[in-house]
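Hi everyone, thanks for coming. I'd like to take a few minutes to walk you through one structure, so let me put it up on the screen.

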Amino acid sequence: MSKKIRVLTAMMSVAAVFALMIVLIPGKSTALAFDYDKMPKIQKRLLSTFLENQLAPAPGVVSSRPSQYFPSDDECGGNKRDNVKVNQNCQNLTDADLAGRGQANNETSIAADPYHPEHMVASYNDYRRGDGNCYTAYSSDQGKTWNDSTVPMSFVRGTLFAKGQARQYFTTGGDTSVAWDTKGNAYLSCQVFNRGVPASQDPDQSSALLMFRSTKNGGASWNFPGRIVAGLKDSTGAALLDKQLIAVDNHRGSPFQDRVYVSWTLFASDGTAYIYLA
């Protein structure tokens, strides 16, 4: 190879590196249009140590990105034509013996503010933490876009469950439902419980129905702690508070305006099921 050709090749390689560095300017989302593994050796030698560390795959790591669970450009969105995805979490890889957990969303509920219908709140059982939890999402543009909102359901005041007990913790939640009052407040009903033995080392299988309120912020946050509608202290698993549903009288002028109603089922230790209302 002549000296002129070698110089020209080196100059072209340097230009390629500068072009690559321009692509990698922080804050830009331009997709990289090259494959490091296919770059000529002279280009790799010209890369700085920083860029090489950023672009070269770590030893033993497969460079391909599984498309089913890595974040996408739209932050794990999944809109299907005119149908809008509400929950923002991505799918997770899950051990085969726990199939479905870490990915599931189920038992959904949705409600719009009757006086500001562009404000909407949705709720669902969400397994991003591994077990079921009460999660919500909110929209202020008639459901065109959504944001997540985490519900503070981990514990409540414990005096109902044992004398002198400061806190009652719960590991699991679900059976959500949502509603609005006439003042722009959103309400969420959430069932919480513990699985006891053998799912864990803790024999506690207490359950409760909690009520949360989002005070005039459209579902962006919820009061803490949740208010207990009903609670059941249990270490035997013989009874369960289950399947609560919520309704709010959001008719202005009604003699019961803004009254909140919750119904649920008590699966009792005698094997029967009773319906209650609060």
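I'll begin with the whole chain, then turn to a sheet, and finish with a cysteine.

Please keep in mind that this is a predicted model. The protein has three helices and 13 strands. Of its 278 residues, 36% are buried. As for the surface, the protein exposes about 17,000 Å², and carbon and sulfur atoms supply 56% of that area. Now to contacts: if we take those between residues at least 6 apart in sequence, 47% join residues at least 24 apart.

On to the sheet. In what order do the four strands of the open sheet run? The order is β7-β8-β9-β10, and the pairing is antiparallel. At the edges sit β7, residues 172–180, and β10, residues 227–232, each of them pairing on one side only. From one strand to the next, the twist averages 15°.

Let's look at one pair in that sheet. β7 pairs with β8, residues 186–193, in the antiparallel sense, and seven bridges link the two strands.

Last stop: Cys-76. You'll find Cys-76 in the loop between α3, residues 49–55, and β1, residues 105–113. Is Cys-76 buried or exposed? Its relative accessible area is 9%, and buried means under 20%, so Cys-76 counts as buried. Gln-91 is 15 residues away from Cys-76 along the chain, and the C-alpha atoms of these two residues are separated by 8.4 Å.

Note on methods:
Residues numbered from 1 in each chain as written. Predicted model: local features only at pLDDT ≥ 70, side-chain atom pairs only at ≥ 80, totals over all residues. Heavy atoms only, no water. Pairing = 2+ DSSP bridges. Axes fitted to C-alpha atoms, helices over the stretch in contact; angles between N-to-C directions. Buried < 20%, exposed > 50% of the residue type's maximum accessible area, 1.4 Å probe, protein only. Contact = heavy atoms within 4.5 Å. Areas by Shrake-Rupley, 256 points an atom, 1.4 Å probe, with all protein chains shown as cover.
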